[in-house]
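Trainee: I am new to this structure. Can we take it step by step?

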Amino acid sequence: MTKALNKTWIYLLLIILLGGALRVARMFEETRYSNDAYLYFQMAEDWAAYGSRYVALYDDSSIPPLLPWLMAKGYCLGLDAESTGLILGILLGTLMPLAVFWAAFTLFSGMNHLDDSPKVEFYALLAALLVATHPFLARISVSCLREILYLPFIFFAFAFAISAVYNKSLWKWCAFALLAALANLTRREGILLVVIFLIWLMLELAADRKDFVKNIKHYILSTVAVIIIFLVINWGAVCIWGTDYQAWSPFGIKYLHELF
């Protein structure tokens with residue numbers, strides 16, 4: 001069993017390294033970026049030079065500030081916005097198969113008809129391989145768009161959520177809330193992760209009320225923790241960037257309405 005587990009970790013490491021190599025190779029193939037990427041480069045450059053007052057030039061409430069802010073911080077390390085975006089995209093994109101492996105392993109382990117451990121590990125490794133080698137995901141990782149942050153945040157948020165459901169873990173729900181908040185600071189759709197959490201909570205209550213009542217303390221603590229962490233991080237961002245970044249709000253009700 002231990003030997004098989006060690007083999008699984010070796011295969012997973014090889015898959016992660018393969019995904020990283022494909023993303024690095026893709027970086028040399030990309031010769032142009034989209035107009036949005038060039039906009040983020042300019043925003044980051046202005047932010048690094050003038051502070052958050054750069055929004056006077058880019059008054060667009062649809063652009064959350066996390067990616068331009070991180071790109072601007074790259075200048076403190078002697079990097080330009082493009083290099084910072086590529087490093088972030090390749091590193092986070094390379095780690096996405098880890099999140100998928102963890103989520104798939106947890107899901108398949110919970111299925112009664114897949115009680116054979118080698119099968120569970122095989123399917124989880126296959127899922128990780130598909131994410132590591134998917135051409136679209138490799139291209140996105142070197143696009144310098146907001147998706148270089150958003151997709152890894154989403155992948156890891158769901159991995160933590162799936163593990164929290166099976167293990168009744170409060171700290172994993174807290175990690176989910178942290179990643180959901182960061183996703184919301186990257187793309188406004190990130191708030192939907194909290195909506196999905198609340199929908200799951202209602203479905204859990206409807207599916208098995210006895211079990212729900214039995215674990216009511218866990219559900220209450222998890223719900224309070226998720227909402228508080230999400231709100232604190234987003235309101236903290238408002239306090240940090242809100243003075244000059246007045247066009248942006250992490251809780252765009254109008255924008256959320258347009259999604260539906």
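What follows is a short exchange about a helix contact and a cavity in this predicted model.

Trainee: How are α3 and α7 oriented to each other, roughly parallel or roughly perpendicular?
Mentor: Helix α3 covers residues 66-74, and helix α7 covers residues 147-167. They pack at an angle of about 115 degrees, with their axes 9 Å apart. Angles of 65 to 115 count as roughly perpendicular. The two helices are therefore roughly perpendicular.

Trainee: Which residues in α7 meet α3?
Mentor: Start on the α3 side, with Leu-66, Leu-67 and Leu-70. The contact of α3 with α7 has 6 nonpolar residues, no polar and no charged. From α7, the partners are Ile-148, Leu-149 and Phe-153.

Trainee: How many cavities of 30 Å³ or more does a search of the whole structure find?
Mentor: The second largest cavity has a volume of about 30 Å³. The count for the whole structure is 2.

Trainee: Which element gives the largest share of the lining of the second largest cavity?
Mentor: Its lining includes Gly-89, Met-96, Ile-140, Ile-148 and Pro-152. Elements giving two or more residues are α4 (81-109), α6 (135-141) and α7. The largest share is 4 residues, and it comes from α7.

Trainee: How many charged residues are in the lining of the second largest cavity?
Mentor: Glu-147 is one of the lining residues, and Glu counts as charged. The lining also has 5 nonpolar and 3 polar residues. The charged count is 1.

Notes
Residues are numbered from 1 along each chain as its sequence is written. This is a predicted model: local features need pLDDT of at least 70, side-chain atom pairs count only at pLDDT 80 or more; totals for chains, interfaces and linings use all residues. Side-chain values use heavy atoms; hydrogens and water are left out. Axes are lines fitted to C-alpha atoms, for helices over the stretch in contact, and angles run from 0 to 180 degrees between N-to-C directions. Angles under 35 degrees count as roughly parallel, over 145 as roughly antiparallel, 65 to 115 as roughly perpendicular and the rest as oblique. Contact means heavy atoms within 4.5 Å. On a 1 Å grid over the protein atoms alone, a cavity is a set of points where a 1.4 Å probe fits but cannot get out, and a pocket is an open set with protein on both sides within 12 Å along at least five of seven lines; lining residues have an atom within 4 Å of a point. Grid points are joined across faces, edges and corners, and a volume is the space filled by probe spheres set on the points.
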